[in-house]
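Please brief me on this protein model. Start with the overall figures, then turn to helix packing.

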Amino acid sequence: MQVTVTNADGLKRELKVQVPAQDLEAKLGAKLDEMKDQVRLKGFRPGKVPVSHLRKTFGKQVMGEVIQQTVGETSQKAIEGEALRPAFQPAIDLEGEIQDVIDGKSDLTYKMSFEVIPSFELADFSKISLERLTTEVKDSDIDESLGRLAENQKNFEAREDGAKAEEGDLLTLDFVGKIDGEAFDGGSAEDANLEIGSGRFIPGFEEQLVGAKVGDELEVKVTFPEEYGAEHLAGKDAVFEVKVKEVKAPAEVKLDDELAKRFGIESLEKLREALAEQMKGEYARMSRMHLKRAMLDKLDELHDFELPPTMVEQEFNQIWHQFEHELQHQNKTVADLDEPEEEVRGEYRKIAERRVRLGLLLAEVGEKNSITVTEQELNQALAERARQFPGQERQLYQYFQQNPQAVQELRAPIFEDKVVDFIAELAKVEDKPVSRDELFTDPDADEHEHHHHDHDHDHDHDHDHGDEKPAGKKGAPRKAAARKEGGDEKKPAAKKAPAKKKKED
């Protein structure tokens, strides 16, 4: 095998590999010789089929397999021999006529093109200073959480005959929605439950039911929001003919042992303890999220190196596709934005570059410090995922067994977390007491803050997929986080049409 470097421009590499025809012939002969004892052909005793007959019958097919196997083996050896680290699977381009190679008339010659992972120096992590936000769980926090639990457990009791509905009451309704006197699809329901003040129905609907009594028939006039999900209803005036069939008032839920037992806990005291532990875990998760984001910002600031163009382009395309998808959900296009498309693309390209840079950086830290994901950690993550799909555990396990990419998506966040923890051990980290509100302030909440839920990959050098929002993007949708740390997702609140029923709590 002869290897020649034909291009070494920046991070681009092109290698020419030539394998002599006699090497292919030797491999072909060895394979045909192996087949002699396995092939059963009419007219020949087992093991007595001449190799010449096998060559005539199967030669071209087997040579095709030999060529494919040889390309795989020699391309890997060529990369290793040149001590290169490809950023992605090399593109293979055979030279000459493949039929001549199969017939043994010419050598196997091919070129492979790829980009390499850049070499760069890691910063001294011991010189990085970070703040860890901390908050103590207070009795008032537990009281507030208990109140929410009680609110979710509340029952409703029928009001006395002739009583008027009040804010917070649960009404049972029949209604028919009409636009310009014509009923529209999805605008009618029977025995629909509506809690006044829940905000489940479109704005203005619930307020008009305050004061209604059982047996009342009234018209509720509303206007669908301009951004309403159903385009044929958005911005339209509608009239709902409503019949009130039942009015229920919320019954008081006491904070006592009985409330705790509804959750399978023996006493109110034990419930308070359980809530405190749950809050401590949530506070720790938020604290870690802030620390991680600050760390990634610092790492991005401290490192600057050339990035594989194709990796950046692939990351940008993924971001841009998601961005256009979100615009489509709002019935908009890039032309509807306040900024020229070129500027928007430029900002998202910077985000793509940041993700790739951090992905390569964290992968390098992991590789140089032998940080890996164990089978036990992977199995634990798989078990946690399976618990999210009760009754479908077997199908889920089969899916991961058959899809290596899905397994990688499980491994990637574990690997990233281990690298982040490794860097945090080396960095100077000081605790900073803050209020609970400050701890739970999303760094992305400010329109002018960048949106970066970065999560890198294992040491295979896949690129980082953190989500960011360019600053000052008026009229553009905020990017929904594909996966926040801890598995949370940011989802837009869905608008509910009046036809959507709300089940009684």
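What percentage of the 505 residues of the protein count as buried? The share is 40%, where buried means under 20% relative accessible area with a 1.4 Å probe, protein chains only. This is a predicted model: local features need pLDDT of at least 70, side-chain atom pairs count only at pLDDT 80 or more, and totals for chains, interfaces and linings use all residues. Residues are numbered from 1 along each chain as its sequence is written, and side-chain values use heavy atoms, without hydrogens and water.

**Overall**
- The protein has twelve helices and eleven strands, taken as DSSP runs (helices H or I, at least four residues; strands E, at least two).
- Its accessible surface is about 28500 Å², with 46% belonging to carbon and sulfur atoms (Shrake-Rupley method, 1.4 Å probe).
- Of contacts (heavy atoms within 4.5 Å) between residues at least 6 apart in sequence, 71% join residues at least 24 apart.

**α7 and α8**
- Helix α7 (residues 309-329) packs on helix α8 (residues 341-368) at about 125°, axes 8 Å apart.
- The contact includes F316, W320 and F323 of α7 and Y348, R349 and L360 of α8.
- Its residues divide into twelve nonpolar, no polar and seven charged.

**α9 and α11**
- Helix α9 (residues 375-387) meets helix α11 (residues 404-426) at about 115°, axes 10 Å apart.
- E377, L378, A381, L382 and R385 of α9 touch V407, L410, R411, I414 and K418 of α11.
- By class, this contact has six nonpolar, no polar and four charged residues.

Definitions and conventions. Axes fitted to C-alpha atoms, helices over the stretch in contact; angles between N-to-C directions. Nonpolar A, V, L, I, M, F, W, Y, C, P; charged D, E, K, R; others polar. Buried < 20%, exposed > 50% of the residue type's maximum accessible area, 1.4 Å probe, protein only.
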